[in-house]
Amino acid sequence: MLISLDHLQEKIEVGELLTVVVVKAANVVSDIRENIRNLTGGRMEHYEKLIQDGVDTALENLEKKAKERGYDGVIGVKISNPMVVTGGAEIIVYGNGFKKVTVQGE
């Protein structure tokens, strides 16, 4: 299944807007450690991993939703600004489902 940021050159029928929201819980101990790191500076690797896992999960869920609704893929995919919220991370992913159009005689 194709998940694309851009529109396709081939003939397609654009379908409905598909949205997925994922909220991943943070580990409380790691959360405390990251807050300390925030004071001292440096990479917040726990939050980086938390957001990356959330984005990956959201894209997988978007693909699953598109398949369930009979689409060949999703175009115009956007990932909202993932946010670290109290105790977790929030990710919203959306795009339009599409079906490939078969033209007779081509």
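These questions and answers go through a predicted model of one protein.

Student: In what order do the elements of the protein run from the N terminus on?

Tutor: The protein has 2 helices and 5 strands. Read from the N terminus on, these elements run β-β-α-α-β-β-β.

Student: Which element gives the most residues to the largest nonpolar core?

Tutor: The largest nonpolar core has 16 residues, and Leu18, Ala58, Leu62, Val74, Ile91 and Val93 have the most contacts inside it. At least two residues of this core come from each of β2 (12–25), α2 (45–68), β3 (73–79) and β5 (88–100). The element that gives the most, with 6 residues, is α2.

Student: Which residues is Ile91 in contact with, leaving aside its neighbours within four places in sequence?

Tutor: Ile91 is one of the residues with the most contacts inside the largest nonpolar core. With neighbours within four places in sequence left aside, the contacts of Ile91 are Val20, Val21, Val22, Ile51, Gly54, Val55, Ala58, Ile79, Ser80 and Pro82.

Student: What is the bridge partner of Lys78 in β5?

Tutor: β3 and β5 pair over 5 bridges, in the antiparallel sense. In β5, the partner of Lys78 is Tyr94.

Student: Which residue in the turn between β4 and β5 has a positive phi?

Tutor: Strand β4 (residues 83–85) runs antiparallel to β5, and 3 bridges join them. At one place in this pairing, Met83 stands opposite Glu90. The two strands form a hairpin with 2 residues between them, and the residue in the turn with a positive phi, about 80°, is Gly87.

Student: Where in the chain do the two residues of the Glu16 and Arg69 salt bridge lie?

Tutor: The side chains of Glu16 and Arg69 meet at 2.8 Å, N to O. This pair links distant parts of the chain, 53 residues apart. Glu16 is partly exposed, with a relative accessible area of 35%, and Arg69 is partly exposed too, at 40%. Glu16 lies in strand β2, and Arg69 lies in the loop between α2 and β3.

Student: What is the N to O distance between the side chains of Lys67 and Glu63?

Tutor: Lys67 and Glu63 both lie in helix α2, 4 residues apart, about one turn of the helix. Glu63 is partly exposed, with a relative accessible area of 25%. The side chains meet in a salt bridge, and the N to O distance is 3.3 Å.

Methods
Residues numbered from 1 in each chain as written. Predicted model: local features only at pLDDT ≥ 70, side-chain atom pairs only at ≥ 80, totals over all residues. Heavy atoms only, no water. Core = buried A, V, L, I, M, F, W, Y, C linked by side-chain atoms within 4.5 Å. Buried < 20%, exposed > 50% of the residue type's maximum accessible area, 1.4 Å probe, protein only. Contact = heavy atoms within 4.5 Å. Pairing = 2+ DSSP bridges. Salt bridge = Lys/Arg side-chain N within 4 Å of Asp/Glu carboxyl O.
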